[in-house]
Structure formats: structure tokens, C-alpha cells
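Please read this briefing alongside the sequence and the 3D view. The points are grouped by topic.

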Amino acid sequence: MSYTETMNVEAEVEAPLAEPVIRTEDLTALDRCDQCGAQAWVHAFLPEERELMFCAHHFRKGEDKIRAIADFVKDERWRLLEAPPRTQGED
Ligand SMILES: [Zn+2]
């Protein structure tokens, strides 16, 4: 079976330099802290399209460093406050 790869580079378009587009979709339960795997509440956008996600605990732990290297930090920890309170003393 032959496999031919067609590289079409003729139509390469040079886009004018624009503001970097930052995706700011809300974090979901599927987004996990890169440090511990807990649900992520903070999404840090780094140069070169790298991204990091942090739970509230790990973001607090490294907040200064994260803010220093990130282009943009989307902090959704406020959503934690809106979560329905857990009933105490539940087994
Ligand atoms: Zn974590």
C-alpha cells in the first residue's frame, strides 16, 4: 500500500501580527492540576502556547512564580466559593 503525503504550501497565508488570542474557556471537571491531578481551578497561559493548570492549593503555593512566567492567568477559584456547601458529618 503506498502512502503519498501531499504538502500544499502554496497557499500559505501570512497573517498580520495580531494580539495573541487567548482561549478562555471555563475550566471543567476534566481539567486537572498538573501537579497533583486534583480538579484545576486556575489556568495559566505561558509563552509558546504552553499551558499549565493548577488546583487552588498548588496555585497558591506557586502563585508568584506562575504569575511571573505566565502571559495570562485565568483564576476561577471564585467558583469554589459558589459550590454548594458539603453537609458536615456525612459518612
Ligand atoms: Zn494540585
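Ala 40 touches Leu 27, Asp 31, Arg 32, Cys 33, Met 53, Phe 54 and Cys 55, leaving out residues up to four places away in sequence. Two residues are in contact when their C-beta atoms, placed from the backbone, lie within 7 Å. This is a predicted model, in which local features need pLDDT of at least 70 and side-chain atom pairs count only at pLDDT 80 or more, while totals for chains, interfaces and linings use all residues. Residues are numbered from 1 along each chain as its sequence is written.

**Nonpolar core**

- Ala 40 belongs to the largest nonpolar core, which has 9 residues, the others being Trp 41, Val 42, Ala 44, Leu 52, Met 53, Phe 54, Cys 55 and Phe 59.
- Strand 1 (42-46) and strand 2 (50-54) are the elements that give two or more residues to this core.
- Strand 2 gives the most to this core, with 3 residues.
- A nonpolar core is a set of buried Ala, Val, Leu, Ile, Met, Phe, Trp, Tyr and Cys residues joined through C-beta atoms within 7 Å.
- A residue is buried if 20 or more other C-beta atoms lie within 10 Å of its own, exposed if 12 or fewer, and partly exposed in between; C-beta atoms are placed from the backbone.
- In soluble globular proteins, nonpolar side chains tend to be buried together.

**Chain overview**

- The protein chain has 2 helices and 3 strands, and from the N terminus on its elements run β-β-α-β-α.
- Helices (H or I, at least four residues) and strands (E, at least two) are DSSP runs, numbered from the N terminus.
- Of the 91 residues in the protein chain, 12% are buried.
- Among the contacts in the protein chain with a separation of 6 or more, 35% are between residues 24 or more positions apart.

**Strands 1 and 2**

- Strand 1 and strand 2 run antiparallel and are joined by 5 bridges; two strands pair if DSSP finds at least two bridges between them.
- Val 42 stands opposite Phe 54 in strand 2.
- The two strands form a hairpin with 3 residues between them.
- Glu 48 lies in the loop between strand 1 and strand 2, and its phi is near 65°, a positive value in a residue other than glycine.
- Glu 48 is exposed because it has 5 other C-beta atoms within 10 Å.
- Glu 49 is found in the loop between strand 1 and strand 2 and has a positive phi of about 60° although it is not a glycine.
- Glu 49 has 9 C-beta neighbours inside 10 Å, so it counts as exposed.

- Asp 34 is found in the segment before strand 1, and with 14 C-beta neighbours inside 10 Å it counts as partly exposed.
- Leaving aside neighbours within four places in sequence, Asp 34 is in contact with Leu 52, Met 53 and Phe 54.
- Asp 34 and Cys 55 are 21 residues apart in sequence and 8.3 Å apart in space, C-alpha to C-alpha.
- Phe 72 is in strand 3 (residues 72-75) and is partly exposed, with 14 other C-beta atoms within 10 Å.
- From C-alpha to C-alpha, Phe 72 and Thr 24 are 9.8 Å apart in space, and they are 48 residues apart in sequence.

**Confidence**

- The mean pLDDT of the protein chain is 81, and 65% of its residues reach 70 or more; pLDDT is the predictor's confidence in each residue, from 0 to 100.
- Among the elements, helix 2 (residues 78-82) has the lowest mean pLDDT (84) and helix 1 the highest (97).
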